[in-house]
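User: I'm new to reading protein models. Could you walk me through a few features, one at a time?

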Amino acid sequence: MKRFLRGLGRWLFRLGVLGILLLVGLTLPLRWIDPPTSAYMILDERRNDRAVRQQWVAYERLSDHLKLAVIASEDQKFPHHFGFDLEQIRQAVDTRLDGGRLRGASTISQQLARNLYLWPGQDWIRKGLEAALTVPLELFVPKHRLLEIYLNIAEFDTGVFGAEAASMQYFGKSARALSRNEAALLAAVLPAPKRFEANRPDDFLRQRQNWILEQMDNLGYGWIPPGPKAADP
């Protein structure tokens, strides 16, 4: 029995080491390399049998209005947390235990892990993998880079990924030229990109846009993570 347990322990240790190496291999290169695609893009292409629209835009060429709008909308603690918003997680768990619907509590970092490597859904396996990927993302990739990747791979409509493609589709301009109101409207679409359209906003989307604009005022533009040049001493 002791021999069996020692052997099992060795195998578990090896699996643990391999898992850590895999997580590092998936996340560390993102510090320097732009991902050419994502799991969500691949799923969309297979489901709809056509290529997605997406164009990469560097962090400094993205509108500050959009950066702040997305933080205000999706994850207001993003500049300072370690990948998880514990208060939001606690509230989501309490709601579920009280019989309510399981609601999202994912940070931008968690959403990035999911969009890049995983699949849609609420199953616990996916959530566990999402959490495991979020930790090395936060360890190895600076905040401005996480936000840059997120804004370039987030889904804004069926077949439309990234802020540049969305900005061109909805407003006929580059993501660099987005106004404050346009940025808030794009951010308002993110929770349900297949349901809402920024160029045809309904009353709910307008209300969400106005809420995001208020939150942007509360946070201020100093809440945006500085880019690579500003971050260098």
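User: Is T27 buried or exposed, and why?

Analyst: T27 counts as buried because its relative accessibility is 0%. Buried means under 20% relative accessible area, exposed means over 50%, and partly exposed is in between (1.4 Å probe, protein chains only). Keep in mind that this is a predicted model: local features need pLDDT of at least 70, side-chain atom pairs count only at pLDDT 80 or more, and totals for chains, interfaces and linings use all residues. Residues are numbered from 1 along each chain as its sequence is written, and side-chain values use heavy atoms, with hydrogens and water left out.

User: Which residues is T27 in contact with?

Analyst: Contact means heavy atoms within 4.5 Å. Skipping neighbours within four places in sequence, T27 touches Y117, L133, P136, L137, F140 and V141.

User: Where does T27 sit?

Analyst: Helices are DSSP runs of H or I, at least four residues, numbered from the N terminus. T27 belongs to helix α1, which covers residues 2-27. R14 is in helix α1 too, but R14 is partly exposed, at 43% relative accessible area.

User: What about M168: which helix is it in?

Analyst: You'll find M168 in helix α8, residues 163-171. M168 is partly exposed, with a relative accessible area of 43%. Leaving out neighbours within four places in sequence, M168 is in contact with K173 and S174.

User: How far apart are M168 and L178 in space?

Analyst: Going C-alpha to C-alpha, M168 and L178 are 9.9 Å apart, and they are 10 residues apart in sequence.

Conventions
Helices (H or I, at least four residues) and strands (E, at least two) are DSSP runs, numbered from the N terminus.
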